[in-house]
Amino acid sequence: MEKIIETKNLTKKIKGKPLVEEINLSIAKGEICGLIGPNGAGKTTIMKLLTGLLIPTSGEVKLNQWNVHKQRKEAMRSVGAIIESPIFFEFMTGRGMLLNLARLHGLNKQERQEKVAEALTIVGLDGRGDEKIRTYSLGMKQRLGIAQALLGNPEIVILDEPANGLDPMGMRELRELILQLNKEKNITFLISSHLLDELQKICSTLVIIKQGNVLFYGKQEEIYDKAENNLEDIFIGMMT
Ligand SMILES: Nc1ncnc2c1ncn2[C@@H]1O[C@H](COP(=O)(O)OP(=O)(O)OP(=O)(O)O)[C@@H](O)[C@H]1O
């Protein structure tokens, strides 16, 4: 199976204090991988290292075989990411903002219009694309963030806490969107969340971290034994 995200002994220290230590991940193309851990475990740090927003103290990250820190341009070509909250210009329309971003991908005017219309349709915002972002609900903003990530035809999408603050309807829409993109475009997802039920529903693999160290990494079914199939109980058991 082709590996699309690989980390080797990935370590980040700040002033000698390890934020994450010796992280070894090997995520295959087409996986939906959930990253879980308590507050401060190092989830955002891992995502920032994967997307080149932080430089590792030691170890390496490869995306699509490209080293993120040595071959940044090539590595980032395959990734769309939302780390922490996406930043929007609220006075713009969803379509206007996406059209501006599409310029950065070097598309001509007609290509930009087509690409943006396609992205808005995929995330279910085609009917609202010409309204100002400030009128959007949180769920719509999250989906606009995903539309933004889709503009570069990514093979990997990295989402940091995408379901934060969403109501049950918004969560279901987000879940269905992720599953649809995974199935139809074979996009690989790495998603961090505190919402274990949500991850349990969609992830093929899980990474569980505590204080910067990986406690479990593998297929979701491997974590359950016959007596126990509740991810929350297993997670809390590991943390205490
Ligand atoms: N720039 C920094 N300088 C020093 N410590 C930092 C810095 N950034 C993060 N940390 C620390 O590193 C640890 C991991 O932080 P990180 O944000 O990756 O955790 P997280 O798992 O994403 O947490 P949460 O679930 O609360 O978002 C925390 O103890 C945090 O305080």
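Here are a few notes on this predicted model, going from the overall build to the ligand shell.

1. Overall build. The protein chain holds nine helices and ten strands. Its C-alpha trace spans about 50 × 40 × 35 Å along the principal axes. For 240 residues, a compact globule would have a radius of gyration near 18 Å, and the protein chain has 18 Å, so the two agree.

2. Packing. Of the 240 residues in the protein chain, 39% are buried. If you look at contacts with a separation of 6 or more, 68% of them in the protein chain come from residues 24 or more positions apart.

3. Two domains. The chain is divided into domain 1, made of 3-78 + 155-239, and domain 2, covering 87-153. You will see that domain 1 is written as two segments, with the numbers of domain 2 falling between them. The C-alpha centres of domain 1 and domain 2 are 25 Å apart.

4. Where the domains meet. Eight residues of domain 1 are in contact with eight residues of domain 2. On the domain 1 side, helix α6 (residues 168-185) supplies the largest share, four residues. That side of domain 1 divides into five nonpolar residues, two polar and one charged.

5. An open sheet. Four strands line up in the order β2-β1-β4-β5, and their pairing is antiparallel. The edges are β2 (17-28) and β5 (66-67); each has a single partner strand, so one side of each is left without a neighbour in the sheet. As a reminder, strands of a sheet pair through backbone hydrogen bonds, either parallel or antiparallel.

6. The β1 and β2 pair. Strand β1 (residues 3-14) runs antiparallel to β2 and is joined to it by eight bridges.

7. The ligand shell. Around the ligand you will find Ile14, Leu19, Gly37, Asn39, Gly40, Ala41, Gly42, Lys43, Thr44 and Thr45. Helix α1 (residues 43-50) gives the most to this shell, with three residues. By class, the shell has three nonpolar residues, six polar and one charged.

8. Two sets of residues side by side. The domain 1 side of the domain contact has five nonpolar residues and two polar, whereas the shell around the ligand has three nonpolar and six polar.

Methods:
Residues are numbered from 1 along each chain as its sequence is written. This is a predicted model: local features need pLDDT of at least 70, side-chain atom pairs count only at pLDDT 80 or more; totals for chains, interfaces and linings use all residues. Domain bounds come from an automatic or database domain assignment. Two residues are in contact if their C-beta atoms, placed from the backbone, lie within 7 Å. Helices (H or I, at least four residues) and strands (E, at least two) are DSSP runs, numbered from the N terminus. Ala, Val, Leu, Ile, Met, Phe, Trp, Tyr, Cys and Pro count as nonpolar, Asp, Glu, Lys and Arg as charged, and the others, Gly among them, as polar. Two strands pair if DSSP finds at least two bridges between them. A residue is near a molecule or strand if its C-beta atom, placed from the backbone, lies within 6 Å of it. The radius of gyration is taken over C-alpha atoms; the globule rule is 2.2 Å times the number of residues to the power 0.38. A residue is buried if 20 or more other C-beta atoms lie within 10 Å of its own, exposed if 12 or fewer, and partly exposed in between; C-beta atoms are placed from the backbone.
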